[in-house]
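Q: Please show me the structure, and then take me through it one feature at a time.

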Amino acid sequence: MFYYNVKLQTTTGEIHSIDGYQTNGKLTKKEAERIAREELADPQYSAATVYSSKGTRVYQTQKA
């Protein structure tokens, strides 16, 4: 079973990580991508990346 991890990079270069667990189970790929897009709307973040439990990058986005 896969779970996903969201890593957010701030405009100052710090990395914030959201691990793959929710109260109702594991974080799904679709939900992880939604969280990444939602968090990127916050002005403090410049990039968001979603990784699978195997460490593979499955989604990446950044501000233009």
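A: Thr-56 sits in the loop between strand S5 (45-52) and strand S6 (57-62). Strands (E, at least two residues) and helices (H or I, at least four) are DSSP runs numbered from the N terminus. This is a predicted model, in which local features need pLDDT of at least 70 and side-chain atom pairs count only at pLDDT 80 or more, while totals for chains, interfaces and linings use all residues. Residues are numbered from 1 along each chain as its sequence is written, and side-chain values use heavy atoms, leaving out hydrogens and water.

Q: Is Thr-56 buried, partly exposed or exposed?
A: Buried means under 20% relative accessible area, exposed over 50%, and partly exposed in between (1.4 Å probe, protein chains only). Thr-56 has 45%, so it counts as partly exposed.

Q: Which residues does Thr-56 touch, not counting those up to four places away in sequence?
A: Contact means heavy atoms within 4.5 Å. On that basis Thr-56 touches Val-50 and Tyr-51.

Q: In what order do the strands of the open sheet lie?
A: Strands of a sheet pair through backbone hydrogen bonds, either parallel or antiparallel. Two strands count as paired if DSSP finds at least two bridges between them. Here four strands form an open sheet in the order S2-S1-S5-S6, with antiparallel pairing. Strand S2 (15-18) and S6 each have a single partner strand, so they stand at the edges.

Q: How many bridges join S1 to S2?
A: Four bridges join these antiparallel strands. Gln-9 stands opposite Ile-15 in S2.
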